[in-house]
Amino acid sequence: LPTRSGSSLEPKECGMEPSAVPEEEEMPLTAASGPAGCQLFGYVGIEAVLDQMKIKTMKTGFEFNIMVVGQSGLGKSTMVNTLFKSKVSRKASQPGQEERIPKTVQLQSVTHVIEEKGVKMKLTVTDTPGFGDQINNENCWDPIIKYINEQYERYLREEILITRKRKIPDTRVHGCVYFIPPTGHWLRPLDLEFMRRLSKIVNVVPVIAKADTLTLEERAEFKQRVRPGPRGSSGVPRVPCQPQLKPCVPQIQEDLKTHAISVYPQEDFDQDPDDRLLNDRIREKIPFAVVGADQEHQVNGKRVLGRKTKWGIIEVENPAHCEFPLLRDLLIRSHLQDLKDITHNVHYESYRVRRLNESNRP
């Protein structure tokens, strides 16, 4: 009879030594052990889970919520229509009527279901008419912050229910595109203060609106411009930075770092080295100089989206004309899921922790 350890009494009584079986032979399904993982001898079908996820996503669809912020007349609605190549933005007014500027910031949301190659996306576009249009724009960001936190609160209330839905409706803002006026000068205090406050609770992507009003030289200067230094005793402005001592830093990016503004994609959330290389190239181009257009024109026998001027046609999807393709790739083609992940794992999580701490406080 075998003992508790599994050995037999018969070999011990006969003086025979048990045969030593290599440990590798006892595990016929593996060729390697340890942190390196296991190598299978044949096809199992683990990769089919990707097809299962794809089929499930195509059936259920997904949600994406985007907010556009900027002064009136910067082409926010046109830019959103250009991004998704459809009329998804709000209709401000009837044809032939002038749009009145609201006295306060108002938020208007429009939801559409977009389908492409069997994939359904529930898109919600939130516009902020009245932002930055007043003489006194003090605290004009408060309604926007309140709206974003309300969406977090709505999701939190559904999440903490004892009996909750299998799929909680997601109305949280996944990305906020902030439109900078194409002045060719510095960022305004309103721009800096808005991005400083909003970058802590939402993914902010700054863009230079209507970049076709600037020449290529003016556009590069707007990004690379350095603030003038203090004047010397002779009244001549000092050179802010000299090439032989310190390279000039792009002014807009320098302003963002000086005011601790972390726009998307944030450096702190780059976990993979390949992602860091890709995001570094994106951060070098921020803010994107974009042009929006919702009309097609004939160029070299092809129909392209663009704006027709007396000098020619500005092709929206031509990287030589504007940086709209970079913005589209960031928001839709390469980082859409990452925008949603950071919203859920970072911004919403910080709000959830703060709210639960407040509720547990005596």
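Colleague: Which side chain meets Arg196 in a salt bridge?

Modeller: The side chain of Glu193 meets that of Arg196, with N and O 2.6 Å apart; a salt bridge here is a side-chain nitrogen of Lys or Arg within 4 Å of a carboxyl oxygen of Asp or Glu. This is a predicted model, in which local features need pLDDT of at least 70 and side-chain atom pairs count only at pLDDT 80 or more, while totals for chains, interfaces and linings use all residues. Residues are numbered from 1 along each chain as its sequence is written, and side-chain values use heavy atoms, with hydrogens and water left out.

Colleague: Where do Arg196 and Glu193 lie?

Modeller: Both are in helix H5 (residues 189–198), three residues apart, which is about one turn of the helix. Helices (H or I, at least four residues) and strands (E, at least two) are DSSP runs, numbered from the N terminus. Arg196 is partly exposed at a relative accessible area of 26%, where buried means under 20%, exposed over 50% and partly exposed in between, using a 1.4 Å probe and protein chains only.

Colleague: And how many salt bridges does the count come to?

Modeller: The count comes to 17. One of them joins Glu317 and Arg328, whose closest N and O atoms are 2.9 Å apart. Glu317 lies in the loop between strand E9 (312–315) and helix H9 (324–334), and Arg328 lies in H9, so this pair ties together parts that are eleven residues apart in sequence. Glu317 is partly exposed at 32% relative accessibility, whereas Arg328 is buried at 10%.

Colleague: Which residues are linked with Glu317 and Arg328 in a network of salt bridges?

Modeller: Lys85, Asp329 and Arg333 are linked with them in that network.

Colleague: Back to E9 for a moment: what order do the strands of its open sheet have?

Modeller: The three strands have the order E7-E8-E9, with antiparallel pairing, and two strands pair if DSSP finds at least two bridges between them. Strand E7 (296–299) and E9 are the edge strands, each pairing on one side only. Four bridges join strand E8 (residues 302–309) to E9, and Thr309 has Gly312 in E9 as its bridge partner.

Colleague: Changing topic, how many cavities of 30 Å³ or more are there?

Modeller: There are two. On a 1 Å grid over the protein atoms alone, a cavity is a set of points where a 1.4 Å probe fits but cannot get out, whereas a pocket is an open set with protein on both sides within 12 Å along at least five of seven lines, and lining residues have an atom within 4 Å of a point. The second largest cavity has a volume of about 30 Å³, a volume being the space filled by probe spheres set on the points, which are joined across faces, edges and corners.

Colleague: Which residues line that second largest cavity?

Modeller: Its lining includes Trp186, Phe222, Arg188 and Asp191. The side chains of Arg188 and Asp191 also meet in a salt bridge at 2.8 Å, N to O; Asp191 is buried at 1% relative accessible area, while Arg188 is partly exposed at 23%.

Colleague: What volume does the largest pocket have?

Modeller: The largest pocket has a volume of about 1,000 Å³. Of the 29 residues that line this pocket, the closest to its centre are Phe62, Glu63, Met121, Leu336 and Lys340. Helix H10 gives the largest share of the lining, five residues.
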